[in-house]
Amino acid sequence: MSGVHPYVKLARVTVERLLNGDPAPVSGAEVENDAELWNMERACFVSIKTLTGSLRGCIGTIVPTRRSLDLEIIDNAAAASTRDPRFPPMTPPELKETVFSVDVLSPPEPVSDRGELDPSVWGVIVRQGSRRGVLLPDLEGIDTVEEQLAIAARKAGIVNPGSGLTIERFRVDRHKE
């Protein structure tokens, strides 16, 4: 795994260990002993795709839930591989047929005008009442702000996205295998 960013390496090692019945890493230092990489509180998403590009699991946070990024990655990698409700839990033979990515999110910021959005640059969080939907930026096939907002609203179960919709945006630092 040389050349693979430590965030992605940590996500893969976490899933490999869990699927093989071993304990998950307790910190990022187990794959890269560089405190600068891990000691920040940041939200992240861990995505797992098949070699043909189909999604196999994706779980993340939009605000940090753990005290450090390495713990956030470990939790989200475990969840993406075994608890994404869209897929059955992964099995060990699938590991060699998958690629991992880790998106580290900037803090969300409010959007007052849709002109402040660009789906190739900004991810979005949409809210209406208690419903909330998230969509990462720079996703294949999503080229307009309208598409991005509609998909995020649909994910949240928001039926009328034009009424009372609150929008936030965020950037990601994306790391892939």
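Trainee: What volume does the largest pocket have?

Mentor: About 910 Å³. This is a predicted model, where local features need pLDDT of at least 70 and side-chain atom pairs count only at pLDDT 80 or more, while totals for chains, interfaces and linings use all residues. Residues are numbered from 1 along each chain as its sequence is written, and side-chain values use heavy atoms, with hydrogens and water left out.

Trainee: And what counts as a pocket?

Mentor: On a 1 Å grid over the protein atoms alone, it's an open set of points where a 1.4 Å probe fits, with protein on both sides within 12 Å along at least five of seven lines. Lining residues have an atom within 4 Å of a point. Points are joined across faces, edges and corners, and the volume is the space filled by probe spheres set on them.

Trainee: Which residues lie nearest the centre of the largest pocket?

Mentor: Ser47, Leu55, Cys58, Leu136 and Leu139, out of 28 lining residues. Strand 1, strand 2 (55-60), strand 3, strand 6 (131-135), helix 4 (145-156) and strand 8 (172-176) each supply at least two residues of that lining. Helices (H or I, at least four residues) and strands (E, at least two) are DSSP runs, numbered from the N terminus.

Trainee: OK, new topic. Which residues touch the most other members of the largest nonpolar core?

Mentor: Tyr7, Val46, Ile73, Phe100 and Val102, in a core of 25 residues. Two or more residues each come from helix 1 (6-19), helix 2 (35-38), strand 1 (44-50), helix 3 (69-82) and strand 3 (98-105). Helix 1 gives the most, with seven residues. A core here is a set of buried Ala, Val, Leu, Ile, Met, Phe, Trp, Tyr and Cys residues joined through side-chain atoms within 4.5 Å. Buried means under 20% relative accessible area, exposed over 50%, and partly exposed in between (1.4 Å probe, protein chains only).

Trainee: What is Ile73 in contact with?

Mentor: Leaving aside neighbours within four places in sequence, Ile73 contacts Tyr7, Leu10, Ala11, Trp38, Cys44, Val46 and Val102. Contact means heavy atoms within 4.5 Å. There's also a second, separate core of 14 residues, which includes Val126, Leu149, Ala152 and Ile158.

Trainee: Back in helix 3, is Asn76 buried or exposed?

Mentor: Asn76, in helix 3, counts as buried because its relative accessibility is 6%. Its contacts, again skipping neighbours within four places, are Cys44, Val46, Ile59, Gly60 and Thr61.

Trainee: How about Phe45, buried or exposed?

Mentor: Phe45 is in strand 1, and at 11% relative accessibility it counts as buried. Phe45 and Gly60 are 3.8 Å apart, C-alpha to C-alpha, though 15 residues apart in sequence.

Trainee: And Glu146, buried or exposed?

Mentor: Glu146 sits in helix 4 and is exposed, with a relative accessible area of 55%.
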